[in-house]
Amino acid sequence: MEAKLENPIVSVESEQKDDKHSENINYLEFNPNTLSNFKLVGYDIEKAYKLGSKIIVTGYDKKKNPDANEDWGDQLLLLNTKNEILFKSKGVGDVYLFEPHFYKNETNDKIIIVCQLAYEYFFGGEAFLYENGQVEYIGNIDIEGKYEQTNLIDILQLNERNNEIFFTFNSDSITYKPSNDAVILKNTTIRYEYKNKILKLIM
């Protein structure tokens, strides 16, 4: 089930939860077991990983004609042990880089997957939540580092509180909309918040 980006920009003065008794859960990047030379009919597989009894792969969908489909190119897929597709993301086109990074915590079984995007330049990432053997799309993180050589993964920090996941950025400034519309912004409280399948950007 896909999440929706609702009210994407919210004033920093908006009400924030401040429960001193709530637990702050930190996520750290980890490297899951990789599967070498993995094959899947109809796809050029780039990366394949084992997560429990499931398989996460990224690859290019060869079945779709880019001239006839908006949903084409590189995708993230969730497979079972029979290589049946349980989830596939919307294609991101023929990008130069669609690289998954995995984050977990020591409190619950949630795993966050962020796929770094790039052409000649980095331009944010696609975020997913893996939980209970299922994947759901969180949304697009449209942010990069201040400098061209600093990408989203370099500055990304993840934590959770009260069932809400926070995407924050360890940088004094960030690049918002890293493309032809790129804007350098001073980073004080810029973050994404994800709860109830809704991703919000707080500026």
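How much volume does the second largest pocket have? The answer is about 180 Å³. Here a pocket is an open set of points on a 1 Å grid over the protein atoms alone, with protein on both sides within 12 Å along at least five of seven lines. Grid points are joined across faces, edges and corners, and the volume is the space filled by probe spheres set on them. The model is a predicted one, in which local features need pLDDT of at least 70 and side-chain atom pairs count only at pLDDT 80 or more, while totals for chains, interfaces and linings use all residues. Residues are numbered from 1 along each chain as its sequence is written, and side-chain values use heavy atoms, with hydrogens and water left out.

So who lines the second largest pocket? Lining residues have an atom within 4 Å of a point, and for this pocket they are Lys110, Leu129, Glu131, Glu136, Asn163, Ile165, Tyr194, Lys195, Asn196 and Lys197. Strand 10 (122–131) and strand 17 (191–195) each give two or more residues to this lining; strands are DSSP runs of E, at least two residues, numbered from the N terminus. By type, the lining splits into 3 nonpolar, 2 polar and 5 charged residues. In this count, Ala, Val, Leu, Ile, Met, Phe, Trp, Tyr, Cys and Pro are nonpolar, Asp, Glu, Lys and Arg are charged, and the others, Gly among them, are polar.

One of the lining residues, Lys197, sits in the loop between strand 17 and strand 18 (198–202). Its phi is near 65°, a positive value in a residue other than glycine. Lys197 is partly exposed, at 34% relative accessible area (buried is under 20%, exposed over 50%, partly exposed in between, with a 1.4 Å probe and protein chains only). Asn37 also has a positive phi, about 55°, without being a glycine. Its spot is the loop between strand 3 (33–34) and strand 4, and Asn37 counts as exposed because its relative accessibility is 72%.

Strand 4 (residues 43–51) holds Asp44, which is partly exposed at 41%. The C-alpha atoms of Asp44 and Gly59 are 5.3 Å apart, although 15 residues separate the two along the chain.

Elsewhere, Tyr96, Tyr119 and Tyr121 make up a nonpolar surface patch with about 320 Å² of accessible area together. Patch members have over 30% relative accessible area and no salt bridge, with nonpolar side chains joined within 5 Å; a salt bridge is a side-chain nitrogen of Lys or Arg within 4 Å of a carboxyl oxygen of Asp or Glu. Areas come from the Shrake-Rupley method with a 1.4 Å probe. Tyr96 lies in the loop between strand 7 (85–88) and strand 8 (97–104) and is exposed, at 57%.

Technical notes. Patch = residues over 30% accessible without salt bridge, like charges linked within 9 Å, V, L, I, M, F, W, Y side chains within 5 Å. Helix = DSSP H or I, 4+ residues; strand = E, 2+ residues; numbered from the N terminus. 1 Å grid on protein atoms, 1.4 Å probe; cavity = no way out; pocket = protein on both sides within 12 Å on 5 of 7 lines; lining within 4 Å.
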